[in-house]
Amino acid sequence: MNPGTRDCRAFGRRVPPEMVSELADVSALLAAPEQLRRRLAAEGHALLRGVLDEGEVMAARGAVFDRLHEVGEIGAPARDGIATGASRRRGLAGDLGRFWKSVVDMPALRQVTNGPRLGRVMEAVWGEPACGMDYLFLRAGAPGSATGLHYDFPFFTRSTRRMYTVWVPIGPVPVTEGPLVVIEGSRDFDDLLDHLRGFDIALDDTRKAEVSHDPVAFAGERGCRLLTADFEPGDILVFDMFTLHGSLDNHSPAGRVRLSCDVRYQPAADPLDPRYFGPDPGGTFGGGYGDLNGAKPLDEPWHRR
Ligand SMILES: O=C(O)CCC(=O)C(=O)O
């Protein structure tokens, strides 16, 4: 179904249907990886549907929701993923970063994000052996949460420019639950791209990564559309460092938490950024998993970050 005809919201208001378009499903190109690589080089993003094992994705979802249930953030049954609006995480877990690391490192989740299936897909995407970062951005977004528009370049390109973000819905993420949005044509916004060159977010606190927290106003000014989809377990969205993206609002009528991961994949032959690899990576700013929005208790939804 075209998400434009559905209830997409951003920054608290309905997105006019003419401003939304469905991401093209290009998974058929996996049979001809060179064409997929050409497509990615031309468009900057690729929606690949059904490339992960649905059972593995749902097992990861169950494992994460169980942990959130244990700290009182998800009601029973945990598999429904309904936020309680409360949290005992700070009291029960103590160190939020350590707690989040223990969630992120669960084998069921790593099987999806750093396992052989995604590895094979990304090897096809790169046309050479690929490796995924150990530092994993797991996001549990309670209703009210959203991610502002930004490019990934300032975060992940210190060691190599050859980098893709893989956005992985951990379970179904319909448009009402705030999936990722890509800004159409954003790889041609030279005024914004000029600002990115040489920008390393951890070394330069005079510049901001966020371009806008209001995708509708932004797209209106630029005369472009928001590209998104109803995501299903097994789907992934791959995009490059020059693709402006963020998320819709999670306004799930059921109060369901949106669960997703973003993980970066690079050619294995390229230098690895030590911030993101190893058993206990420090992440972008060195604070480990405690730096992530995901590490915050669910009753403190992130917004405009
Ligand atoms: O999942 C989100 O809300 C944002 C993800 C993101 O910014 C990314 O994958 O780089």
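Val166 itself belongs to E8 (164-169), and on E12 (236-240) its opposite number is Val238. Helices (H or I, at least four residues) and strands (E, at least two) are DSSP runs, numbered from the N terminus. Before going further, please note that this is a predicted model, in which local features need pLDDT of at least 70, side-chain atom pairs count only at pLDDT 80 or more, and totals for chains, interfaces and linings use all residues. Residue numbers start from 1 along each chain as its sequence is written.

E8 is joined to E14 by 6 bridges, and the two run antiparallel. E8 also pairs with E12 in the antiparallel sense, over 4 bridges; two strands pair if DSSP finds at least two bridges between them. How many residues of E8 are buried? The count is 6 of the 6, so E8 is largely enclosed by the rest of the structure. Here a residue is buried if 20 or more other C-beta atoms lie within 10 Å of its own, exposed if 12 or fewer, and partly exposed in between, with C-beta atoms placed from the backbone. Tyr164, Val166 and Val168 point one way from E8, while Thr165, Trp167 and Pro169 point the other way.

Stay with Val166 for a moment. Leaving out residues up to four places away in sequence, Val166 touches Leu118, Met122, Ile236, Val238, Asp262, Val263 and Tyr265; a contact means that the two C-beta atoms, placed from the backbone, lie within 7 Å. Val166 is also, with Val64 and Val238, among the residues with the most contacts inside the largest nonpolar core, which has 82 residues. Such a core is a set of buried Ala, Val, Leu, Ile, Met, Phe, Trp, Tyr and Cys residues joined through C-beta atoms within 7 Å. Its largest share, 6 residues, comes from helix H6 (residues 116-126). The buried residues of H6 are Leu118, Val121, Met122, Ala124, Val125 and Trp126. In an α-helix there are 3.6 residues a turn, so residues three or four places apart point the same way. Just after H6, Gly127 takes a positive phi of about 75°.

Now turn to the ligand. Around it sit Arg139, Thr147, Asp152, Thr165, Trp167, Leu180, His245, Ser247, Ser260 and Asp262, where near means that the C-beta atom, placed from the backbone, lies within 6 Å. The elements giving two or more residues to this shell are E8, E13 (245-247) and E14. By class, the shell has 2 nonpolar, 5 polar and 3 charged residues. In this scheme Ala, Val, Leu, Ile, Met, Phe, Trp, Tyr, Cys and Pro count as nonpolar, Asp, Glu, Lys and Arg as charged, and the others, Gly among them, as polar.

Arg139 of the shell leads us to strand E6 (137-141), where 5 of its 5 residues are buried. Phe137, Arg139 and Gly141 point one way from E6, and Leu138 and Ala140 the other. E6 runs antiparallel to E14, joined by 5 bridges, and Gly141 stands opposite Arg258 there. E6 is also one of the elements covering the buried residues of H4, along with H2 (54-70), H3 (89-93) and H5 (107-113). Those buried residues of H4 (residues 96-104) are Phe99, Trp100, Lys101, Val103 and Val104.

Phe231, in the loop between E11 and E12, counts as buried because it has 26 C-beta neighbours inside 10 Å. Apart from residues up to four places away, Phe231 touches Pro169, Pro172, Val173 and Pro179. Arg225, in the loop between H9 (215-222) and E11 (226-228), has 19 such neighbours and therefore counts as partly exposed. The C-alpha atoms of Arg225 and Pro17 are 9.6 Å apart, although 208 residues separate them along the chain.

Finally, step back to the whole chain, with its 9 helices and 14 strands. The radius of gyration is 18 Å, close to the 19 Å of the globule rule for 305 residues, so the chain is as compact as a globular protein of that length. That radius is taken over C-alpha atoms, and the rule is 2.2 Å times the number of residues to the power 0.38. Of the 305 residues, 46% count as buried.
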